[in-house]
Amino acid sequence: MTRTIALITGASSGIGAAYARLLVDDHDLVLVARRADRLSGLAEELGSRGAAVEVLPADLATHDGIAAVTGRLAAGDVGLLISNAGAGGYSPLTDVDVADIDPLLTLNAVAPIHRPRRTSRNARGR
Ligand SMILES: NC(=O)c1ccc[n+]([C@@H]2O[C@H](COP(=O)([O-])OP(=O)(O)OC[C@H]3O[C@@H](n4cnc5c(N)ncnc54)[C@H](OP(=O)(O)O)[C@@H]3O)[C@@H](O)[C@H]2O)c1
């Protein structure tokens with residue numbers, strides 16, 4: 001049986017890690033987040049259940065981090081994308097540090113809509 005590869009962002013904790021544990025029986029996995037130690041621990045746990053698990057540390061509040069993920073997606077073998085990484089931190093606008101605005105918007109709004117550019121290998125003909 002061919003195993004679909006699922007790429008999960010925000011896999012180092014919470015909902016993303018839960019998705020990884022949910023999918024592991026019939027998916028191989030690419031785990032994305034900043035905390036590489038947590039991703040490695042999860043990869044070890046899930047690898048022992050028979051999945052091939054890649055760890056891809058990336059900060060999705062940065063364009064370099066987004067490029068690392070779109071670069072991996074461009075390989076064309078990922079069949080399921082769970083774009084889950086994000087952060088909240090709601091507070092009155094007057095309390096928001098201006099330096100936090102761009103990274104938060106990049107993480108929560110820009111990263112989820114970035115995709116690899118279409119190539120003959122990954123285009124679906126539309
Ligand atoms: N739980 C809820 O009730 C709820 C409600 C509404 C929306 N959500 C959304 O659902 C998603 C998961 O929530 P959760 O409760 O599972 O939260 P969580 O436990 O805090 O997990 C967030 C995940 O996103 C990753 N992440 C955060 N900043 C990142 C960055 N700059 N680059 C890459 N990865 C980053 C974190 O990994 P690292 O820190 O290792 O990078 C972590 O794996 C989030 O997008 C959250 O906003 C959750």
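Helix 1 and helix 2 of this predicted model are roughly parallel to each other, because angles under 35 degrees count as roughly parallel and the axes of helix 1 (residues 14–23) and helix 2 (residues 36–47) cross at roughly 15 degrees. Two packed helices are described by the angle between their axes and also by the distance between those axes. For this pair, the axes come within 10 Å, and helix 1 passes helix 2 in a right-handed crossing.

The contact between the two helices is made by Ala 17, Ala 20 and Arg 21 on the side of helix 1, and by Leu 42, Glu 45 and Leu 46 on the side of helix 2. Sorted by class, this contact of helix 1 with helix 2 has four nonpolar residues and two charged ones, with no polar residues.

These two helices belong to a protein that has four helices and four strands, which follow the pattern β-α-β-α-β-α-β-α when read along the sequence. Along its principal axes, the C-alpha trace of the protein spans about 55 × 35 × 20 Å.

**Empty space in the model**

Rolling a probe the size of a water molecule over the atoms shows where empty space is left. How many cavities of 30 Å³ or more does the structure hold? The structure holds one such cavity, and about 120 Å³ of space lies in the largest cavity. Its lining is made of 14 residues, and those nearest its centre are Thr 9, Val 69, Ser 83, Ala 111 and Pro 112. Helix 3 (63–73) and strand 4 (78–83) each supply at least two residues of this lining, and the largest share, four residues, comes from helix 3.

The second largest pocket holds about 370 Å³ of space. Of the 19 residues that line this pocket, the closest to its centre are Arg 34, Ala 85, Gly 86, Ala 87 and Leu 107. Which helix gives the largest share of the lining of the second largest pocket? That share, four residues, comes from helix 4 (residues 98–110).

Note on methods: Residues numbered from 1 in each chain as written. Predicted model: local features only at pLDDT ≥ 70, side-chain atom pairs only at ≥ 80, totals over all residues. Heavy atoms only, no water. 1 Å grid on protein atoms, 1.4 Å probe; cavity = no way out; pocket = protein on both sides within 12 Å on 5 of 7 lines; lining within 4 Å. Points joined across faces, edges and corners; volume = space filled by probe spheres on them. Axes fitted to C-alpha atoms, helices over the stretch in contact; angles between N-to-C directions. Parallel < 35°, antiparallel > 145°, perpendicular 65-115°, else oblique. Left-handed = near helix turned anticlockwise from the far one by under 90°. Contact = heavy atoms within 4.5 Å. Nonpolar A, V, L, I, M, F, W, Y, C, P; charged D, E, K, R; others polar.
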